Amino acid sequence: MSRMHDNELDVNLNFVRGLINEQFPEFSMLPITPVNSVGTVNHVYRLGRELYIRLPRVKEWADIEKECRWIPYLAPHLTLRIPEPVALGQPKASYPVNWAVYKWIEGNNYSDELVHDEREVAKDLADFVNEMHSIDVPSDAPRAGRSPLLELNKRTLECIDEADDLLDRDRVLAAWEDSCRASVWNGQAVWIHADLLRTNLLVHSGRLTAVIDFGSVGIGDPAFDLIPAWSIFNSKGRKVFQNSIHADKDTWIRARGYALHQAVLIIPYYRVTNPQFVTLAKRTLDEILADLDTGE
């Protein structure tokens with residue numbers, strides 16, 4: 001599989017086969033095939049028909065162990081399907097991070113043409129967000145999310161400059177400055193998925209069926225799970241999503257700021273190595289700008 005990061009761990013089909021044979025010999029007879037994914041954090045391989053394998057690309061971003069720790073706690077409270085860990089692979093000298101085997105989930109990454117009714121999906125995802133935010137928070141829950149918007153200002157402006165011709169610089173700058181006027185979050189931390197992008201939603205038979213990749217999960221500002229208003233939906237879905245989640249105006253403005261920040265980081269970083277991901281990020285910016293133009 002192609003490399004996306006300078007410090008990426010070496011992974012290929014033969015290497016993955018060796019890991020399975022060594023650590024989970026009960027799966028050694030199953031075929032292994034690479035899965036083409038727009039994702040940037042993990043390699044994905046299908047294992048037989050009912051399982052798949054996720055292996056972190058970069059040591060510093062490895063979060064499989066945290067995901068496997070907390071998914072069983074969260075799953076009983078969620079109506080959409082989420083990943084089901086089957087086995088946790090252990091680090092070794094040639095691959096110094098955890099990796100895992102999960103149950104396969106049928107579906108394709110979210111795209112407009114696969115969805116029968118965007119408003120229905122928006123309501124289903126809003127229900128998922130409301131469910132996440134209402135789950136009890138234990139004392140050892142991990143923190144999640146990013147720094148306050150103003151602390152992200154320098155990096156955001158740098159990335160806007162680096163993206164150059166791939167975005168409407170003046171309008172994006174104005175949208176960023178507007179978002180930074182939102183009050184700093186000081187509320188109660190809630191469970192957040194914190195990475196609700198199109199690449200982490202699965203659609204099957206026209207419906208939203210699963211939310212995947214819980215590597216960023218933890219507790220923090222609920223604004224991070226409101227990003228789908230722009231990262232996933234168009235205007236019709238956005239209205240349903242926003243009307244189905246109770247949040248004050250500043251929380252929505254912060255969410256818009258985080259959606260913009262994430263998008264402008266993606267565009268220059270992946271412009272060569274993952275153009276599909278860049279296209280999705282540019283789409284997010286277009287939705288943010290369209291939303292501001294309508295004054296909604």
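Visitor: What is the order of the strands in the open sheet, and what pairing do they have?

Guide: In this predicted model, the open sheet has 5 strands in the order β1-β2-β3-β5-β4, and the pairing is antiparallel. From one strand to the next, the twist averages 25°.

Visitor: Why is one side of β1 and of β4 left without a neighbour in the sheet?

Guide: β1 (32–34) and β4 (85–89) stand at the edges with a single partner strand each, so one side of each has no neighbour in the sheet.

Visitor: What makes β3 and β5 count as paired strands?

Guide: Pairing requires at least two bridges. Strand β3 (residues 51–56) and strand β5 (residues 99–103) are joined by 4 bridges, so they qualify as a pair, and they run antiparallel. Among the residues involved, Leu-51 has Lys-103 in β5 as its bridge partner.

Visitor: Which strands does helix α2 touch?

Guide: Helix α2 (residues 64–74) packs on the sheet and touches β2 (42–47), β3, β4 and β5. The direction of α2 makes about 40° with that of β5.

Visitor: Which residues touch the most other members of the largest nonpolar core?

Guide: Leu-125, Phe-128, Met-132, Trp-191, Phe-214 and Phe-241 do, in a core of 71 residues. Helix α8 (residues 249–269) supplies the largest share, 9 residues.

Key
Residues numbered from 1 in each chain as written. Predicted model: local features only at pLDDT ≥ 70, side-chain atom pairs only at ≥ 80, totals over all residues. Heavy atoms only, no water. Core = buried A, V, L, I, M, F, W, Y, C linked by side-chain atoms within 4.5 Å. Buried < 20%, exposed > 50% of the residue type's maximum accessible area, 1.4 Å probe, protein only. Helix = DSSP H or I, 4+ residues; strand = E, 2+ residues; numbered from the N terminus. Axes fitted to C-alpha atoms, helices over the stretch in contact; angles between N-to-C directions. Contact = heavy atoms within 4.5 Å.
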